[in-house]
Amino acid sequence: MPYSEAGKTKFQIDLRRHLRNQNIEDNLVHLICEIAEASKYVINAVRTGDLGVAGTSNLYGEEQLALDVLSDRIIRKRLIHSGVVCNIASEEMDEIFQAQANAAGLYSVAYDPLDGSSLVDVNLAVGTIVSIYVGCDLLQEGRNQVAAMYILYGPRVSLVYSVGNGVHEFTMNHLMEFTLTRENVQMKPAGDIYSPGGLRNKYSEGVEKYVRYLEAKGSKLRYSGGFVPDINQVLMKGKGLFMYPALNGSPNGKLRLLFELNPMAYLVENAGGSATNGKQRILDLKPESLDQRAPIFIGCAEDVAKAMEYVNGG
Ligand code: AHG
Ligand code: MN
Ligand code: MN
């Protein structure tokens, strides 16, 4: 029987109504809904916007696309005008932006406005990733997040969120409303897909052995190069693992702790999965800087545990 609330089927439960049933602060409901609204303008930018370079670079020294800068501006403006945000950190900004000084009742947000932006010009799926904390401190462990979400701009536009009480998926309808399509997403203990990031010829011996183990047991390789669709596949199918390991020459891998790993680790853990850097739980890592990167193994708990065994020479 589909989800129902007072006789409504799940397809009629919109995001705001669902959030109100989560027993969270009104300001957090408002904030998540504002981000959902901003994503509608990002969608328009992705679908019609300029695919060229912006002539600037981000805090990682990576060349920014016009879409990165435009998406970042859309979301930042919306956060500032929401009235409930203290500090803002973005993968596309060099430093923290203070929206309001007085932290009482406010939240701080770290986000990647358009993950995978370089895939837009080959028409692959991309996404927005958001991490939310109470107060003003954005350099705290990811376990302190009070909410995380992503919006996936694919053949359909979906929004996935958790406030620590299950993971829930909404799909945008023809009126551009987000309505509930999956509730309390649960990952299986183990699965049969794997999403290997980076360059295989730069994998450590342990990671190389892990990939051979996965191939031997018949796991299927699923990798688009977009973190959001690749994670969404593992999460929604509930089976398998995504990894972007340490590479020879890049001991911290590529993905960013604040903007990509913490929010996805929060979501996957709330769906019964796990996420580590190969040694430690991602959500226990203390960020030392905004631009911190970390290796990641994320997905079904048993698959992640097996990866750790191989990575640590087990
Ligand atoms: P971003 O576009 O925000 O820089 O992120 C791109 C990331 C992520 O989407 C993906 O998992 C990873 O880059 C892919 O990296 P490789 O191309 O090295 O596999
Ligand atoms: Mn990214
Ligand atoms: Mn990005």
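Mentor: Let us begin with a term: the donors of a metal are N, O and S atoms within 2.8 Å of the metal, and water is not among the atoms, so sites may look incomplete. Please also keep in mind that this is a predicted model.

Trainee: With that definition, how far apart are the manganese ion (ligand 2) and the manganese ion (ligand 3), and which residue coordinates both?

Mentor: The two ions are 3.5 Å apart, and Asp-112 coordinates both of them.

Trainee: What are the protein donors of the manganese ion (ligand 2)?

Mentor: They are Asp-112 (OD), Asp-115 (OD) and Glu-260 (OE), which lie 1.8 to 2.1 Å from the ion. Along the chain, these donors follow the spacing D-x2-D-x144-E.

Trainee: Which residues coordinate the manganese ion (ligand 3)?

Mentor: Glu-91 (OE) and Asp-112 (OD) coordinate this ion, at 2.4 Å. Glu-91 lies in the loop between β5 (85-90) and β6 (97-98), whereas Asp-112 belongs to strand β7 (residues 107-115), so the pair ties together parts that are 21 residues apart in sequence.

Trainee: Is Glu-91 buried or exposed?

Mentor: A residue counts as buried under 20% relative accessible area. Glu-91 has 5% relative accessibility and therefore counts as buried. Asp-112, at 0%, counts as buried too, and Asp-115 is likewise buried.

Trainee: How does one read burial for a whole helix, and how many residues of helix α5 are buried?

Mentor: One applies the cut-off to each residue in turn. In helix α5 (residues 227-237), nine of the 11 residues are buried, so the helix is largely enclosed by the rest of the structure. Among them are Phe-227, Ile-231, Leu-235 and Met-236. After α5 comes Gly-238, with a positive phi near 70 degrees.

Trainee: How is the packing of two helices described?

Mentor: Two packed helices are described by the angle between their axes and the distance between the axes. Here, helix α2 (residues 26-48) packs against helix α3 (residues 66-82) at an angle of about 155 degrees, and their axes are 9 Å apart. Angles over 145 degrees count as roughly antiparallel, and α2 and α3 are therefore roughly antiparallel to each other. The crossing of α2 past α3 is right-handed.

Trainee: Which residues make the contact?

Mentor: On the α2 side they include Leu-31, Ile-35, Ala-38 and Val-42, and on the α3 side they include Leu-67, Leu-70, Ile-74 and Arg-78. The residues of this contact divide into 12 nonpolar, three polar and three charged.

Notes. Residues numbered from 1 in each chain as written. Chains lettered and ligands numbered in written order. Predicted model: local features only at pLDDT ≥ 70, side-chain atom pairs only at ≥ 80, totals over all residues. Heavy atoms only, no water. Axes fitted to C-alpha atoms, helices over the stretch in contact; angles between N-to-C directions. Helix = DSSP H or I, 4+ residues; strand = E, 2+ residues; numbered from the N terminus. Parallel < 35°, antiparallel > 145°, perpendicular 65-115°, else oblique. Left-handed = near helix turned anticlockwise from the far one by under 90°. Contact = heavy atoms within 4.5 Å. Nonpolar A, V, L, I, M, F, W, Y, C, P; charged D, E, K, R; others polar. Donors = N, O, S within 2.8 Å, 3.2 Å for Na, K, Ca; no water. Buried < 20%, exposed > 50% of the residue type's maximum accessible area, 1.4 Å probe, protein only.
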